[in-house]
Amino acid sequence: MSEIINEIMKHLPKDKISDACFEGANIVLYTKSKEFFLNNNGIIKKIVDDIKKRVELRPDPAITKDIEKAEKEIKSILPDEAGVKNIIFDPQRSRVIIEAEKPGLAIGKQGALLRDIRTKTLWVPLIRRTPAIRSELIENIRAVLYQNSDYRRKFLDKVGHRVYDGWLREKKHEWIRVSYLGGGRQVGRSALFLQTPESRVLMDCRVNVASDEEAYPLLEAPEFNINELDAVIITHAHLDHSGFVPYLFKYGYRGPVYCTAPTRDVMSLLLLDYIKIMRSERRDPIFTSDDVREMVKHTICLDYEEVTDITPDVRLTLYNSGHMLGAAMAHLHIGNGLHNILYTADLKYARTQLLEAAHTEFPRLETLIIEATYGGKDNIMPPQKEADEYLKTIIAETVKRRGKVLIPTLGSGRAQEIMVMVEGMVRRGELEEIPVYIDGMVWDITAIHTAYPEYLNSSVRKAIFHRDQNPFLSPIFHRVGSKKERKQVIEEVGPCVILATSGMLVGGPSVEYLRELAENPKNSLVFSCYQGEGSLGRRIQQGEREILFRDGMKEELTKINMEVHKLEITNHSDRKQLMNFVHKCSPRPKKVIVNHGENSRCLDLASSIHKQFRVETIAPRNLEAVRIK
Ligand SMILES: [Zn+2]
């Protein structure tokens, strides 16, 4: 048994504890005494205060109430309004997972109903939100976790042993270094490899979806060995940060992947979609859905600001980065006070329709690793408000002349921002009630948003929790799920807004809509995201107005007569927001490492931060290693 568990046992009545194990960095104790489970007189709380680790006391499986009877009991305790959909028992861990539409009502005032369930059934209840819009993906992920609960139990115990069983590698001096396996003076391919004498941690692990060249992280760097990898941290679901994770599992990695729950879900959806796209282009995907399932089995979800040990000398906390649903910055507390690093990954330092601005206050901070996607001097975007006003005007005018607004968009982030905005305009009477059609992937990702309202900004949260007014459930939104429905939207309905992937018009439903809507000057096309070199979107932006569409053997020249607009918006920070973020960072870091940006932008941002804040800055290239301590 682990030393830390022996230590805890010393403070507990001997005959009361029947078993003890780890669930990641959490310590779980089991008791066969009903009285001790229901009331331990603050003994557990005192231990938590002393050792500063999370300790949970659960009933031993031997004393939990018979499952059938417990289920009846739970159903009689929970009110109908809670909308309980599913009750799933995890007998080995004495936990019962209750899926409810209104978790607040299932929990009860100050947890009264949960306490009631504990007392009457001797099971530990956990409440999970049923997404307001049905999400097959979330159902599948939950099914994978439930089906593998025995494996999960052993896996989480193994993770705990790695954290608590002391140092594996011989400790001589203390040092910290970060190697760039990707993301050094380039956008995408983010992969930072953190090493200490004891730990090997990978932060982000991407594929480059836009190009075949430099598509994968440089895992061949000599310092990287997949067999020695302790942990992977994924900041957010975009494939340029997460796309390579299943590949690690394909090659035998079986350690933990840390991220937020929405990141796990959106990432899984995007990865499965990526496999589908590769297959449809007759290319061999570099991993399969089995590898994605392995990833899900090994994911440990953390909430924002939940502190957790991931190795004997690295403690991780995720903070909101404002970039997309569940996106996080990783704060690493290393060597028990030796040094603190913040890796921002992609960061938005401004509040949006959907999310709060990135977090800026940390308990300690010495080294900041910051992105520079829009870090160049001239990368100044108009304020969000202006962009929103512009979009409002386009929609209002197009509707007035009875046209349709096509917005090619990424599946996640911007699409949901636009949904919230249009819903608000209609609700406030600023726009007549027009339908908004949500095609394919955008709908699936929206459904995931409805599972995690606690990750949205405070206005949206308040609307959902206090006014029962979920913007995503507005009757103006309609799902387009098939070719037939797409045809109906094009031919049969009047003025409307259409949100469809791909955002750059490289395949996907957005291209099908474009082909049919392009020739009518009443319609509008609005670009809402970056248009990559060579994409159809970029060509139209650059003024091309005759497009050759291919349909099997048939070729058809289509004129673009619809209005073309470009919204200057991004879920990254622009130059001003990046500088503001560094300014507001508390405490002020002593060293800043700039990455995830084109060469000149990284250098430019690094030099400006150095001049303005008088701190050491550096912009490493790929395969360079930076000694941090
Ligand atoms: Zn991103």
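Reader: On what basis are residues numbered and values counted?
Author: Residues are numbered from 1 along each chain as its sequence is written, and side-chain values use heavy atoms, leaving out hydrogens and water. The model is predicted, so local features need pLDDT of at least 70 and side-chain atom pairs count only at pLDDT 80 or more, while totals for chains, interfaces and linings use all residues.

Reader: What makes the arrangement around the zinc ion irregular?
Author: The zinc ion is coordinated by His 236 (NE2), His 238 (ND1), His 323 (NE2) and Asp 346 (OD), at 2.2 to 2.3 Å. Donors are N, O and S atoms within 2.8 Å of the metal (3.2 Å for Na, K and Ca); water is not among the atoms, so sites may look incomplete. Four donors count as tetrahedral if all angles lie between 85 and 135 degrees; four count as square planar and six as octahedral if opposite donors are over 155 degrees apart and all others between 65 and 115; anything else is irregular. The four donor atoms here subtend angles of 86 to 173°, and the arrangement is therefore irregular.

Reader: How are the donors of the zinc ion spaced along the chain?
Author: The donors follow the spacing H-x1-H-x84-H-x22-D. His 323 lies in the loop between β14 (314-320) and β15 (328-334), and Asp 346 in the loop between β16 (339-343) and β17 (367-371), 23 residues apart, so that this pair links distant parts of the chain. Helices (H or I, at least four residues) and strands (E, at least two) are DSSP runs, numbered from the N terminus.

Reader: Why is Ser 2 called buried?
Author: Buried means under 20% relative accessible area, exposed over 50%, and partly exposed in between (1.4 Å probe, protein chains only). Ser 2 has a relative accessible area of 3% and therefore counts as buried. Ser 2 is found in the segment before α1 (3-10). Leaving aside neighbours within four places in sequence, Ser 2 is in contact (heavy atoms within 4.5 Å) with Phe 22, His 161, Tyr 164 and Asp 165.

Reader: How do you know that α11 is largely enclosed by the rest of the structure?
Author: Of the 20 residues of α11, 14 are buried, so this helix is largely enclosed. Leu 271, found in helix α11 (residues 261-280), is buried because its relative accessible area is 0%. Among the residues that Leu 271 touches, not counting those up to four places away in sequence, are Leu 239, Pro 246, Phe 287 and Met 295.

Reader: What makes the span of α11 agree with expectation?
Author: The expected span of a helix is 1.5 Å times one less than its number of residues. The 20 residues of α11 should therefore span 28 Å, and its end C-alpha atoms are 29 Å apart, which agrees.

Reader: Why are β12 and β28 called edge strands?
Author: Two strands pair if DSSP finds at least two bridges between them. Seven strands form an open sheet of mixed pairing in the order β12-β11-β10-β9-β8-β7-β28. Strands β12 (299-301) and β28 (625-627) each pair on one side only, and are the edge strands. Strand β11 (residues 257-259) and β12 pair in the parallel sense over three bridges, and Tyr 258 stands opposite Ile 300 in β12.
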